[in-house]
Protein chains: 2
Amino acid sequence: MADFPVTERNRVRRMHQRGQYDRDTVYAILDEGLICHVGYVIDGQPYVIPTAFWREGDHVYLHGSAASRTMRAGQRGLEISLAVTLLDGLVLARSGFHHSLNYRSVIMYGTAAAIEEPEAKRAALDRFMDRIAPGRTAECRPITDQELKATTVLSLPLDDVAAKVRTGPPVDDEADYALPVWAGVVPIRQVADAAIPDPRLPEGTPVPDYAARFKFGA
Amino acid sequence: MADFPVTERNRVRRMHQRGQYDRDTVYAILDEGLICHVGYVIDGQPYVIPTAFWREGDHVYLHGSAASRTMRAGQRGLEISLAVTLLDGLVLARSGFHHSLNYRSVIMYGTAAAIEEPEAKRAALDRFMDRIAPGRTAECRPITDQELKATTVLSLPLDDVAAKVRTGPPVDDEADYALPVWAGVVPIRQVADAAIPDPRLPEGTPVPDYAARFKFGA
């Protein structure tokens, strides 16, 4: 797939060799992430909030209570920076200076805008649920008009975006390789454990596959 | 321990019953986190970056290349918002509307300032390494003056801060509990896998405990 354009804003500056701009890499990181961190400015004050998100094609979506500060600001068109970070490991080098982290991250910039049309909003929310739990929209009680009104969905075009990825062992100063100190990587990953049924669930209710064997990523 | 003061800025507004302001809760979340997301404003543009951090008492520390945009801005005193988020589970309710996430997060606000005094900076970096890998500072090649000069350490007072925590099963509308749909929680956590030795490590180099059995949190 085509690369995203490299701009003055999205260009990876520090450790620029870790920058990646191709859709395969960006999509894979976004699709494995369950939460993002959204940064925005209100009255000159920076805010960062963690929130769920999802991607469809070249758009990223956020949702929340229509009464929340973030969503109200989004209703008016909100310039945001959005980060999705997957931590893959601790990189232990032979000097403190070369210690690092293995990670895959995406940072994007743009203006989030609300989806106003109720049926488009409903469809987006349904697709979000089916992204996390394929088929669950059809199983759940459908969203009511009142719930739809109480929910804001923001859409952010995916164009001003870059991925940054570090993998592999430490990179030490050549002279340090002779030092008698252990070096390597401690891999880190997210796992899903056995699903915990709601205490009020009738006994014997079968656990759907998406809960019994939750899969990170597409 | 004493609570942090509740201010107009740190007060948890949405789902305010999830807000917690006591030091035990805030410290525990910060100490389990390995990365934070830092938000700041430069020329009116919001930025969010993921980065490592550590806490000592009522301060949080960040570090990075002295040449980086964030660190250069920090040298001048940078107003930031900082979030640490631990995802604990997917909460699957009987309606889409009541789906949620279990999480523990901390959001703090303040002005980050650089530690200028070289020995104070060196000591802070050494304590950071020993936080991740207890005892490793004494094993590694010490930081050089040049490396110290190339590294900026920012300090942020921990006072304008709140934790937000959701735990437990879904909370459904009373009528929905009768629906024949599975509901519950898919627990999610971070794990550390077996350490991967650097390919250039002499065979038989013993794996230190902090790498063989990495522990999240204090």
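Tutor: Here is a short tour, from the chains down to single residues.

Student: First, what kind of model is it?

Tutor: It is a predicted model. Keep that in mind for every number below.

Student: How does chain A superpose on chain B?

Tutor: By a rotation of 180° with 0.0 Å of shift along the axis. The RMSD is 0.0 Å. That is the relation of a two-fold axis.

Student: Which C-alpha of chain A is nearest the axis?

Tutor: That of Gln190(A), at 2.2 Å from the axis.

Student: And what surface do the copies use to touch?

Tutor: The same surface serves both copies. Of the contact residues of chain A, 100% recur in chain B.

Student: OK, chain A on its own. How many helices and strands?

Tutor: Chain A has 6 helices and 11 strands. Its C-alpha trace spans about 65 × 50 × 35 Å along the principal axes.

Student: How much of chain A is buried?

Tutor: 53% of its 218 residues count as buried. Chain A exposes about 9700 Å², and carbon and sulfur atoms supply 55% of that area.

Student: What about contacts across the sequence?

Tutor: Take the contacts in chain A with a separation of 6 or more. Residues 24 or more positions apart account for 71% of them.

Student: Staying with charges, how many salt bridges over all chains?

Tutor: The structure holds 38. One of them joins the side chains of Glu79(A) and Arg9(A), at 3.2 Å from N to O.

Student: Where do Glu79(A) and Arg9(A) lie?

Tutor: Glu79(A) lies in strand β6 of chain A, residues 78-92. Arg9(A) is in the segment before β1 of chain A. So the pair ties together parts that are 70 residues apart in sequence.

Student: Now across the chains. Which residue of chain A forms a salt bridge with Asp176(B)?

Tutor: Arg141(A) does, with the closest N and O atoms 2.8 Å apart. Asp176(B) lies in the loop between β9 and β10 of chain B, and Arg141(A) in the loop between α4 and α5 of chain A, so the pair joins two chains. Both Asp176(B) and Arg141(A) are buried.

Student: Which side chain of opposite charge is nearest to Lys121(A)?

Tutor: Glu116(A), at 6.3 Å. Lys121(A) is buried yet has no salt bridge. The cut-off for a salt bridge is 4 Å from nitrogen to oxygen. Lys121(A) is found in helix α3 of chain A, residues 118-132.

Student: What does Lys121(A) touch?

Tutor: Leaving out residues up to four places away in sequence, Lys121(A) touches Ile115(A), Leu148(A), Lys149(A), Thr151(A) and Val153(A).

Student: Last one, a cysteine. Where is Cys140(A)?

Tutor: In the loop between α4 and α5 of chain A. Cys140(A) is buried, with a relative accessible area of 6%.

Student: And what is Cys140(A) in contact with?

Tutor: Setting aside neighbours within four places in sequence, the contacts of Cys140(A) include Met129(A), Ala93(B), Arg94(B), His99(B) and Val181(B). The C-alpha atoms of Cys140(A) and Met129(A) are separated by 10.0 Å. Those two residues are 11 apart along the chain.

Definitions and conventions. Residues are numbered from 1 along each chain as its sequence is written. Chains are lettered from A and ligands numbered from 1 in the order in which they are written. This is a predicted model: local features need pLDDT of at least 70, side-chain atom pairs count only at pLDDT 80 or more; totals for chains, interfaces and linings use all residues. Side-chain values use heavy atoms; hydrogens and water are left out. Copies are superposed by least squares on the C-alpha atoms of residues with pLDDT of at least 70 in both. Contact means heavy atoms within 4.5 Å. Helices (H or I, at least four residues) and strands (E, at least two) are DSSP runs, numbered from the N terminus. Buried means under 20% relative accessible area, exposed over 50%, partly exposed in between (1.4 Å probe, protein chains only). Accessible areas come from the Shrake-Rupley method with a 1.4 Å probe; for residues, only the protein chains shown count as cover. Lys and Arg count as positive and Asp and Glu as negative; His and the chain ends are not counted.
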